[in-house]
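Hello,

I am passing a structure on to you, with a few notes on its side-chain contacts below. Have a look whenever you get a moment.

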Amino acid sequence: MCRVLDSQRLISEFLAQEGWDKARRSPLAGDASDRRYERLVQESGRTSILMIAPPESGEQVRSFSELARHLSGHGFSAPLVFAEDVSSGLLLIEDLGDGIFARLAEKSRSKETTIYGAAVDCLLALHKASLPSDLSRMTPRSLAMGTDLAAIWYAQKEPDPIVLDTLESRLSSLS
């Protein structure tokens, strides 16, 4: 309970320091991590995203910030980092909205090919771009673990060693 109260105090102080303490906060869907996200909306309508990444769970906001800056520096669209408190695991980042590809394509079927074509172009450009030297590389094993996230997160089961070994073997043969 003390950790939760301390975390809330740190968040409140961070938001006050950055001028977002009066903003309406609403939770956003998470991802396959221990991070949490909240959309902040100021009275003026200005929005941003609060990323809460508990350092005690191994989350590191510094990696996110560095990669976002690296991508932006190479002409890719990545959320701007407005403020960060690395020791508390807090980031205030640009709100890129809710326009995920599936929703955009559903709204405009005629643009679906264009939308996914742009994604492929972006992936090709990323493949050709330089990477930060300290970026940890995915191994066939870590990629195989990533494919088993549904079982780990939703079914609360340990990864199946046979599945992981098979995926790792197949992924190794691709490199």
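Arg-39 and Asp-95 are both buried. The two residues meet in a salt bridge, with 2.7 Å between their closest N and O atoms. Arg-39 belongs to strand β2 and Asp-95 to the loop between β5 (90–93) and α3 (101–107), so this pair ties together parts that are 56 residues apart in sequence. Please keep in mind that the model is predicted.

Arg-39, whose relative accessible area is 14%, also forms a salt bridge with Asp-98, where the closest N and O atoms are 3.2 Å apart. This pair, too, links distant parts of the chain: Arg-39 sits in strand β2 and Asp-98 in the loop between β5 and α3, 59 residues apart. Asp-98 is partly exposed, at 44% relative accessible area. Through shared partners, salt bridges join Arg-39, Asp-95 and Asp-98 into one network.

How many salt bridges does the structure hold? There are six. Among them is the one between the side chains of Glu-38 and Arg-25, at 2.5 Å from N to O. Glu-38 lies in strand β2 (residues 36–41) and Arg-25 in strand β1 (residues 24–27), so the pair ties together parts that are 13 residues apart in sequence. Glu-38 is buried, with a relative accessible area of 12%, whereas Arg-25 counts as partly exposed at 32%.

Now to the rings. The charged end of Arg-46 sits over the ring of Phe-82, 6.0 Å from the ring's centre. As for aromatic pairs, the structure holds zero.

Best wishes

Notes
Residues are numbered from 1 along each chain as its sequence is written. This is a predicted model: local features need pLDDT of at least 70, side-chain atom pairs count only at pLDDT 80 or more; totals for chains, interfaces and linings use all residues. Side-chain values use heavy atoms; hydrogens and water are left out. Rings of Phe, Tyr and Trp (its six-membered ring) pair if their centres lie within 6.5 Å; planes under 30 degrees apart count as stacked, over 60 as edge-to-face and the rest as tilted. A charge sits over a ring if NZ of Lys or CZ of Arg is within 6 Å of the ring centre and within 35 degrees of the ring normal. A salt bridge is a side-chain nitrogen of Lys or Arg within 4 Å of a carboxyl oxygen of Asp or Glu. Helices (H or I, at least four residues) and strands (E, at least two) are DSSP runs, numbered from the N terminus. Buried means under 20% relative accessible area, exposed over 50%, partly exposed in between (1.4 Å probe, protein chains only).
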